[in-house]
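Trainee: I would like to learn how to read a model like this one. Please take me through it feature by feature.

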Amino acid sequence: MPDPWGFTRAPRQTTPRRPVDVRIRDWSEVYESGGVEHVREQAGRCMDCGVPFCHSACPLGNLIPEWNDLVWRDDWALASERLHATNNFPEFTGRLCPAPCEPACVLSINAELSGGPVTIKSVEQAIADRAVAEGWNTPQVPDRQSGRRVAVVGSGPAGLAAAQQLTRAGHSVYVYERDDKIGGLLRYGIPDFKMDKRLIDARVVQMRAEGTVFRTNTEVGGAGIPAAVLRRRYDAVVLSGGALKGRELPIPGREFAGIHQAMTYLTDANRARESGGGPSIDARGKRVVIIGGGDTAADCLGTAHRQGATDVVQLDVHPQPPLTPHASTPWPTWPLMYRESAAHEEGGTRRFAVSTLRFVGGGDPTVPGLGGSGADGWSDADPAAAVDEAAEPDEAAGPDEAAGPDEAAGSGAAVTGIEVAELLEADQAGRSVRTGATGEPFVVRADLVLLAIGFAGPDDEDLFTGLGVARDEAGRVQRSADYSTAAPGVFVAGDAGRGASLVVWAIAEGRAVAAAVDRYLEGFTTLPAPVAADAVPLS
Ligand SMILES: Cc1cc2nc3c(=O)[nH]c(=O)nc-3n(C[C@H](O)[C@H](O)[C@H](O)COP(=O)(O)OP(=O)(O)OC[C@H]3O[C@@H](n4cnc5c(N)ncnc54)[C@H](O)[C@@H]3O)c2cc1C
Ligand code: SF4
């Protein structure tokens, strides 16, 4: 066990963020390094529980008490070895994971008395960063080759984890990526201020040295490599192309110019960062409205501020969650509650329980009144009031259809605002519930509108048809608990099979699908399989 007095003497202290007025002027990571002694003290708060609930909340089954102990004892090399035993890319999760392990930590049961849960995520990042700095992530070249060939389609965290596991097991692995660079959403979705992209490049160097072959600018299916050719060339195929089809908002006026899918905007911004050029969709000097309330919306917010937007309003169809964990999500589950990301700390206005009625543009004379951030149209209702309705903490809001026009088209006339109405709530026996009624419509001004209302599944229809794999009603590729599809030798992992999820699930699925493929090719496997394809988060 780490320090036997740990949490009784030291309260939880998260890693500091850089000051807002400094970080808003650059694209560097938001978090500062906590310093070795700070991290050791925080790791020393762990009680090495007999039944460590932190484990059960982590899809990777990270050996959290083990590496907390090793950090406290200052044995960083062994801590790194234990961390990498369950996670191929802890420097990604250490930065990006929402850390479901922390609310599941036993010290979360009574945070007031204990001082709060162990800062598991910060300890993970500190170990992972030390491993990078010390050069401990050396290539692990397999000592035998199986002679089997595996194609991995898509280079997000699921594809990368699958490829690394299968390469290390001795198979010849080829990763196909239609983008010009490796990384999937880590590269072109998530902004630099959340994760420095050099960390992906370092893993690609390591994986190449282990024997993984990468083919960028190469689509499989569509206008690229036909499915039949893929089947002929490879003994097994892993589909890990993500779930990148953005949900649409098919309301009147969607055709106005200046309305974009969030991923179009974020990809453009990330590409501009990579190339050192300017973005083609620029928020500079614009009033930006983001529709949606999840990670993607927060990334748009942080990006718009760094590009120099004059004003940003974020509209969420869900009511504002309560400030403390809702009774329906007790320990050790992921608590439903109001959260503020680093991007929210940087500015902008958040509005909850808002229905979007139509886009306004082209000098529409029928506009009933113009609003904006702090606009007249908003009611005086306390935005911090707790609600009882089970709002999802993710971004699954919005209509399910992908029915909008091609956003690249635009009608020529520019969007100037969005007509909205607040969704009304009523007090029913002490509970605040939605009535279905709305307040008076009014218009929020906008020069740039970003749709961050979730994803409608993978966009590789042609590939799936060619391979003979089916999709479920939510658009995900159908699979069994062992990741296999209806097509023999074809497996699916990550968002393509699970639906839009998290980096930690993508890595866990990548590791597990590698075990399934290895068993298919060899008849047995010694690779770990941390989660079944039908596993669900602790709830
Ligand atoms: C803006 C944004 C922010 C996010 N922030 C976080 C966060 O902070 N923390 C977190 O845990 N999760 C976050 N997520 C979710 C997380 O990024 C995803 O769950 C994760 O990346 C899924 O990994 P994946 O490997 O399944 O697919 P992806 O990362 O989507 O990668 C799929 C790759 O496959 C390629 N591809 C698709 N089809 C083909 C084809 N036919 N041929 C060749 N290549 C193909 C695509 O180009 C893409 O590069 C965020 C998501 C978004 C959109
Ligand atoms: S639940 Fe918390 S205190 Fe217990 S082992 Fe896990 S991190 Fe340590």
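Trainee: Which residues of α10 are buried?

Mentor: Conventions come before the case. This is a predicted model, where local features need pLDDT of at least 70, side-chain atom pairs count only at pLDDT 80 or more, and totals for chains, interfaces and linings use all residues. Residues are numbered from 1 along each chain as its sequence is written, while chains are lettered from A and ligands numbered from 1 in the order in which they are written. A residue is buried if 20 or more other C-beta atoms lie within 10 Å of its own, exposed if 12 or fewer, and partly exposed in between, with C-beta atoms placed from the backbone. In α10 the buried residues are I120, S122, V123, E124, Q125, A126, I127, A128 and A131.

Trainee: What covers the buried residues of α10?

Mentor: Think in contacts: two residues are in contact if their C-beta atoms, placed from the backbone, lie within 7 Å. The cover includes α3 (36-43), α4, α5, α6 (76-84), α7 (90-96) and α8 (101-104). The element names also have a rule: helices (H or I, at least four residues) and strands (E, at least two) are DSSP runs, numbered from the N terminus. The protein chain has 20 helices and 15 strands.

Trainee: How is the span of helix α10 checked?

Mentor: The expected span of a helix is 1.5 Å times one less than its number of residues. Helix α10 (residues 120-134) has 15 residues and should span 21 Å; its end C-alpha atoms are 21 Å apart, so the two agree. Just after α10, G135 has a positive phi of about 75°.

Trainee: Where do the buried residues of α15 fall, seen down its axis?

Mentor: Buried in α15 are A262, M263, Y265, L266, A269 and N270. They fall within an arc of 160°, so they line one face of the helix. That arc is taken from the directions from the helix axis to the C-beta atoms. Among the elements covering these residues are α12 (185-188), β5 (259-261), α16 (295-307) and β14 (448-451). Just after α15, G276 takes a positive phi of about 80°.

Trainee: Is D268 buried, exposed or partly exposed?

Mentor: Count the neighbours. D268, in helix α15, has 18 other C-beta atoms within 10 Å, so it is partly exposed. Leaving out residues up to four places away in sequence, D268 touches P279, S280 and I281.

Trainee: Which residues have the most contacts inside the largest nonpolar core?

Mentor: The general idea: in soluble globular proteins, nonpolar side chains tend to be buried together. A nonpolar core is a set of buried Ala, Val, Leu, Ile, Met, Phe, Trp, Tyr and Cys residues joined through C-beta atoms within 7 Å. Here the largest has 140 residues, and V238, F491 and V517 have the most contacts inside it. Helix α20 (residues 503-522) gives the largest share, 14 residues. V517 touches V150, L166, A236, V238 and F491, not counting residues up to four places away in sequence.

Trainee: How many residues surround ligand 1, and which are closest?

Mentor: A residue is near a molecule if its C-beta atom, placed from the backbone, lies within 6 Å of it. For ligand 1 the count is 40, with G154, G156, G184, G242 and G494 closest. Sort by class next: Ala, Val, Leu, Ile, Met, Phe, Trp, Tyr, Cys and Pro count as nonpolar, Asp, Glu, Lys and Arg as charged, and the others, Gly among them, as polar. This shell has 18 nonpolar, 13 polar and 9 charged residues.

Trainee: Which residues come nearest to ligand 2?

Mentor: C46, C49, P52, C54 and C105, out of 15 around ligand 2. Two or more residues come from each of α4 (53-57) and α5 (64-72). The largest share, 3 residues, is from α5. By class, the shell around ligand 2 divides into 13 nonpolar, 1 polar and 1 charged.

Trainee: Which peptide bond is cis?

Mentor: Read omega. From W331 to P332 the bond is cis, with omega near 5°. P332 sits in the loop between β7 (311-315) and α17 (342-345).

Trainee: Is A353 buried or exposed?

Mentor: A353 is buried, with 24 other C-beta atoms within 10 Å. Its phi is near 55°, a positive value in a residue other than glycine.
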